[in-house]
Amino acid sequence: MSNSMEGLIDMLPGDCVSKILSFTSPADAFRSSMVSSMFHSAAKSDVVWEMFLPTDYKDVVSRLITHLTFTTKKELFVCLCNPVLVDGGRKIFKLEKSSGKISYMLSARELSITWSNDPMQWSWKSIPQSRFSEVAELRTTCWLEIHGKISTQILSPNTRYGAYLIMKISNRAYGLDSIPSEVSVKVGNEICHDMIYLRHEDRKKQQMECMFYRNRTEVLSKRVIEGTEGISNERKDGWMEIELGEFFSGEANEEVKMSLMEVKGYQLKGGIIIEGIEVRPIL
């Protein structure tokens, strides 16, 4: 920026610059603080960062299980860009730093998992890798069914979201590749449907299971609907994620229903650890 342009900017009233920045984005506000001394001062204003915080940010702060220390709206925004536990530690809230869009993760305890209260089929335990106090580990079942739901009212409006099952696969996992699981996301009359294989990382074990159960796998595969077959992806935090689907969060308050099911094969399966379902904006 030329010295003359910088001089003109510095002549603008600080309140005016702050108001202008409030109509941009968090990323623009962070960058603008390096433009001039006037922008640096204006970019710290509560007028700017109140616009970037969710309209219900006071409610979010009241639901935190750990007290946050902040003196300005910008400091609060930065704090909320890191995952924070809310609602008794059963959910994680987070803001996307560049856009201010809202993300949530529902813990396994917030989900409806069929037979999860049966200790012969599922176990609840604490592991250091999880941000939640408990995760659900599948011991053995022939009926895998996981459901979650969230209201668009607590998400960012006019935003496209993706829903992801966050999980791990243990070394003693079995029966996960015989038939793909059906995944879906439903909002109102709109439904996103797909299939996913819960791939095991041990390739040798996969090959052995394929050799011994090939005929059974072919029979089981005919029981599921045709469609594309997704795969799980490894995350930076060491967990794996499976995309359940996408949806649009509009202005209206609607319930989002998310699910993963494998209930047609009837074969025993086990060895997956469920942390929760993450709902985050598609950037």
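1. A residue counts as buried here when its relative accessible area is under 20%. By that cut-off, 47% of the 283 residues in the protein chain are buried. Keep in mind that this is a predicted model.

2. On the overall make-up: the protein chain has eight helices and 15 strands.

3. Now the inside. The largest nonpolar core has 57 residues, and Leu-244, Met-258 and Ile-274 are the ones with the most contacts inside it. Strand 8 (residues 159-174) gives this core its largest share, six residues. Apart from that core lies another one, of nine residues, including Ile-92, Met-105, Phe-132 and Ile-273.

4. Leaving out residues up to four places away in sequence, Met-258 touches the run His-147, Gly-148, Lys-149 and Ile-150, along with Ile-146.

5. The accessible surface of the protein chain comes to about 15,100 Å², and carbon and sulfur atoms hold 54% of it.

6. One surface feature I'd flag: Trp-115, Trp-143 and Tyr-266 make a nonpolar patch of about 370 Å². To find Trp-115, look in the loop between strand 4 (112-113) and strand 5 (122-125).

Notes
Residues are numbered from 1 along each chain as its sequence is written. This is a predicted model: local features need pLDDT of at least 70, side-chain atom pairs count only at pLDDT 80 or more; totals for chains, interfaces and linings use all residues. Side-chain values use heavy atoms; hydrogens and water are left out. A nonpolar core is a set of buried Ala, Val, Leu, Ile, Met, Phe, Trp, Tyr and Cys residues joined through side-chain atoms within 4.5 Å. Buried means under 20% relative accessible area, exposed over 50%, partly exposed in between (1.4 Å probe, protein chains only). Helices (H or I, at least four residues) and strands (E, at least two) are DSSP runs, numbered from the N terminus. Contact means heavy atoms within 4.5 Å. Accessible areas come from the Shrake-Rupley method with a 1.4 Å probe; for residues, only the protein chains shown count as cover. Patches are made of residues with over 30% relative accessible area and no salt bridge: like charges are joined within 9 Å, nonpolar side chains (Val, Leu, Ile, Met, Phe, Trp, Tyr) within 5 Å. A salt bridge is a side-chain nitrogen of Lys or Arg within 4 Å of a carboxyl oxygen of Asp or Glu.
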